[in-house]
Amino acid sequence: MVAECDDGASGEARDAGIVAECDGGACREVRDAGIVAECDDGASGEARGAGMVAECDDGACREARGVGMVAECDDGASREARDAGIVAECDDGASGEARGAAIVAECDDEARGEARRARKSRNATMERAEKRGARVWSQNATMERAEKRGARVWSQNATVERAEKRETRLRSQNATVERAEKRGARVWSQNATMERAERREAWAWSQNATMERAERRGTRQRSQNAYTVNAKTIGESAEMEQKKVYTLGVVGLGEGRSIMSAALQSERWKLVKVCDLNEEICAQRAKEFGFSEWTTDYQELLDDPTIEVIAIYTPDQLHLKHVCQALEAGKHVVCTKPLLPSLEGAKELIEVQQRTGKKVFVGQSTRFFEPMIKQREDYDQGRNGDLETVEAHYITDGRWFLEKAWSRQKGFSWMYGFMIHAVDLVRWYLPEVSEVAGFGRSSANNAAHGLETWDSMRFILRDEQGRIATVAGSYTLPTFEQAIEPSISCVLRGTKGTTRGEYPSLRYNTHFEGEGNAAHAYEEKDPYYFRFEGKSHHAGEYQNYIEYFADCLDSDATPLPDVHEAVRTLALMEAMERSMRSGGQVVRVQAILDEYWSKGQ
């Protein structure tokens, strides 16, 4: 018989044939005493004689020749055929014996079912193992998260502890400061006492040196007196065990804030009363300094017999009136720069000062800033050699200043309100500047505030010896940071050395013969000079110059700049203005003075 197995196995039995179909559609043909077995995978075996083919679940075929055959199933079952018999053992241990004719024992679905159940069991076991692993992993992850949370909590607690410690230290420091303030400590003043004494002696030496140079140049006696201080007298006053304390009244509490701070921290001054037309600012200063003696009536200061000196920090246009009133009331005067907004009124002021015999000191504060003090000391010691040029500038974006209503009134000038600092520095070293030429312009930024006055200016100046100076100023334009371009700078160039003092940075740069370049910084003095917010108030300079003024009062010396020096500076600035108006023509300073005095103003 021939059996053909396709995809749906069929068989035809002829003669004495039997067709047997296996699970996968395999066909078997038995002829006579033989069996042909075809396996699912196409393998076939032919048994001749008394042979038999046994098929296992995986379809493997084996051929038994002679009288025996062993068929092994997946689970190790075997069949043995001897003579004309066949033993077939299945997975579950069942056996069959074939004798004579062939018997095919097939393992039905039971064995396969067992195998499937075993596989399912194994899969279930693996699933449970995986679930247990997942639970373990989850537990580990939970523990990790808990540990991280614990670490965060510990870190937060540690941060809180550190913050509490810092707060405790801060409270302790604040308490220390408060105790110092309650004791009325004059911290900066005390630390600076010895320095001020040394500076006063150096200043006196400087004034003598100025006088000697003036004498060599044949300067008139009046000019010599105007720029000279009696060194011996000031030196002796600095060494006095008991110094006189002077009484002070202040009018104008905007800029006057700095002089209030200076007087309250000085051992040489007693602040008696302050004045401002604005009650609100008076109350504000009273609260700030714990000083309640204030008034809105300037006449109260003038009439107070206990006040010896009046410090004037009112708008520039009021200086002439306020200074003359104070002199007529028998008071010495400290007045912020400019002493006057122009030469107009200069003759009247000089006449009142000479008639009353009282002193007028102009607070050109930049002279009293730390780097400028050091620069002057080096110059007076001859370290620059012969001075050849002076370069000064005051460049700042001063549009904030225009928020003050009075700054936009008639008479306001960037030159007199700002550039005068740079002009004064030039005159400090070249007091006899004789001619000037320069240019100026007014920017759109300036016009936006309703101003027509020049806000950018550049000048070149020369004295009778031919020494040269430059002065520059810009006041409504953006600026560089202070490290690149300080607001105020003064450069001295001499045959033996070049130096530069800066403001507001506390830096002083030098290059002296045989020493090379050197940079000197005084940042530790920042709290002394700048006691309030920002850099707009520089009370340390005021502290320095009222101490200097007290020494001049002690010795009856002329404080510098005085009225005469201030008037010559105003004449120089008038020459600068005329040069700008004429398109840069050279203008001589003495011609301005001669013209002014000839008019009898």
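# Exercises on a predicted model

C324 sits in helix α8, which spans residues 319–328. The model is predicted. Work through the exercises in order.

## Exercise 1: C324 and its surroundings

Decide whether C324 is buried or exposed, then find which residues C324 is in contact with beyond its neighbours within four places in sequence.

**Solution.** 
- Step 1. Take the relative accessible area of C324, which is 9%. The cut-off for buried is under 20%. C324 is therefore buried.
- Step 2. Set aside the neighbours within four places in sequence. C324 then touches E348, L349 and V352.
- Step 3. Check V352 along the chain. It lies 28 residues from C324, and their C-alpha atoms are 6.6 Å apart.

## Exercise 2: The buried side of α9

Find which residues of helix α9 are buried, and where they lie around the axis.

**Solution.** 
- Step 1. Helix α9 covers residues 346–356, and its buried residues are A346, L349, I350, V352 and Q353.
- Step 2. These residues span an arc of only 165 degrees around the axis, so they fall on the same side of α9.
- Step 3. Look at what they pack against. The partners of the buried residues of α9 are α8, β15, α15 and α16.
- Step 4. G357 follows α9, and its phi is positive, near 75 degrees.

## Exercise 3: How α15 meets α16

Work out how helices α15 and α16 are oriented to each other, and which residues make the contact.

**Solution.** 
- Step 1. Locate the helices. α15 is residues 563–581 and α16 is residues 589–599.
- Step 2. Read the geometry. The angle is about 110 degrees, and the axes are 8 Å apart.
- Step 3. Angles of 65 to 115 degrees count as roughly perpendicular. α15 and α16 are therefore roughly perpendicular to each other.
- Step 4. List the contact. α15 supplies R568, A571, L572, E574, A575 and R578, while α16 supplies V589, Q590, I592, L593 and E595.
- Step 5. Sort these residues. The contact has 6 nonpolar, 1 polar and 4 charged residues.

Conventions
Residues numbered from 1 in each chain as written. Predicted model: local features only at pLDDT ≥ 70, side-chain atom pairs only at ≥ 80, totals over all residues. Heavy atoms only, no water. Axes fitted to C-alpha atoms, helices over the stretch in contact; angles between N-to-C directions. Helix = DSSP H or I, 4+ residues; strand = E, 2+ residues; numbered from the N terminus. Parallel < 35°, antiparallel > 145°, perpendicular 65-115°, else oblique. Contact = heavy atoms within 4.5 Å. Nonpolar A, V, L, I, M, F, W, Y, C, P; charged D, E, K, R; others polar. Buried < 20%, exposed > 50% of the residue type's maximum accessible area, 1.4 Å probe, protein only. Arc of directions from axis to C-beta.
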